[in-house]
Amino acid sequence: MSSNGKPNPQAPAAAGNGAGGPPKMYQRPIYRPQAPAKRRRGGGGRSCRFSCCCCFFYAVLVVLLLAFLAAVAGGAFYLLYRPHRPAFTLSVARVNKLSLSSSATAPTVTDSIDVTLTAKNPNKKLVYLYDDFTVTAATAANAVPLGEGSVPGFVHEAGNITVIKATVSASALGVDPTTATSDIKKSGEFPITLDLETKAGVKVGGLKTKKIGVQVHCEGIKVAAPAPPPPPPAKKKKGVKLSVADAPSPASVDDAATTPSPPATTTVARVCQVRIRVKIWKWTF
């Protein structure tokens with residue numbers, strides 16, 4: 001107690017101390033990891049679709065840009081050079097030999113046809129570069145083949161006119177019996193078609209383009225088989241006397257015996273079609 005008779009206050013007990021017990025230790029709280037927050041459904045699909053749409057949009061944009069640049073370049077090229085296709089005209093078609101075997105099941109044709117064409121380059125600055133030509137002929141009605149030939153390639157200068165001569169021939173070429181007998185006539189005219197296949201490129205100054213397929217198609221051509229040879233002169237009978245006036249001259253006898261039949265020549269002026277042949281994988285257009 002104090003001097004004034006009041007009791008002295010007691011000091012509070014130490015925290016954590018029990019009545020006479022040992023002091024309590026501080027316990028650290030246990031860490032419990034939390035599961036990651038779940039994303040809302042559909043968010044990943046939308047982002048994927050958005051990226052695909054962006055890729056498609058940019059691809060279409062690039063294609064349109066390239067097409068626009070190609071159109072601009074093509075327009076500028078056309079304005080500068082005014083390109084024109086070459087012109088081909090068939091002038092002569094002559095049958096030198098024509099024979100069709102009489103077999104009813106497997107007929108064959110043997111022939112020789114000379115053709116002459118004129119090629120013109122109407123351009124002023126463009127030069128055409130031709131590879132070797134493959135020349136084929138067929139009947140117009142049912143496309144019965146009449147043989148093939150070849151023409152060496154050449155450089156077609158600007159404004160130049162070139163004469164092309166070729167021989168289309170066949171030797172014992174098998175043909176269809178039903179169409180050959182109706183198309184190929186041993187006397188009189190019958191129509192045929194002529195095709196020239198090649199690859200051509202264009203040269204402008206020092207620049208050369210890649211060569212592409214070109215077909216020259218000629219139709220409306222009428223040819224005729226050559227006339228049969230004249231019969232041999234009749235032999236002189238023994239015991240028959242001829243007067244001087246009735247006897248033929250030696251020159252006429254020799255000419256009748258040795259002069260062959262002239263080939264059937266057809267002079268035509270057919271403008272042929274020039275077609276561009278583009279091959280994509282297995283197809284040719």
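pLDDT is the predictor's confidence in each residue, on a scale from 0 to 100. The model here is a predicted one, and its mean pLDDT comes out at 79, with 66% of the residues reaching 70 or more. Where pLDDT is low, the predicted coordinates should not be read in detail.

Now for the cysteines. Searching the whole structure turns up 1 disulfide, formed by Cys218 and Cys272, whose sulfur atoms sit 1.9 Å apart. This pair ties together distant parts of the chain, 54 residues apart: Cys218 belongs to strand β10 (residues 212-224), while Cys272 lies in the loop between β11 (264-271) and β12 (273-277). The torsion about the S-S bond of Cys218 and Cys272 is about 105°, so the disulfide is right-handed. Both Cys218 and Cys272 are buried. Cys54, on the other hand, is partly exposed, with a relative accessible area of 26%. The closest cysteine sulfur to that of Cys54 is in Cys55, but at 6.9 Å it is too far for a bond.

Cys218 also turns up in the largest nonpolar core, which has 39 residues; Phe88, Leu90, Val115, Leu117, Leu194, Cys218 and Ile221 are the ones that touch the most other members. Strands supplying at least two residues each include β1 (87-100), β2 (108-120), β8 (189-204) and β10, and β1 gives the largest share, 6 residues. Leaving aside residues up to four places away in sequence, Ile221 touches Leu90, Ala93, Phe190, Pro191, Ile192 and Leu194.

Note on methods. Residues numbered from 1 in each chain as written. Predicted model: local features only at pLDDT ≥ 70, side-chain atom pairs only at ≥ 80, totals over all residues. Heavy atoms only, no water. Disulfide = S-S within 2.5 Å. Helix = DSSP H or I, 4+ residues; strand = E, 2+ residues; numbered from the N terminus. Buried < 20%, exposed > 50% of the residue type's maximum accessible area, 1.4 Å probe, protein only. Core = buried A, V, L, I, M, F, W, Y, C linked by side-chain atoms within 4.5 Å. Contact = heavy atoms within 4.5 Å.
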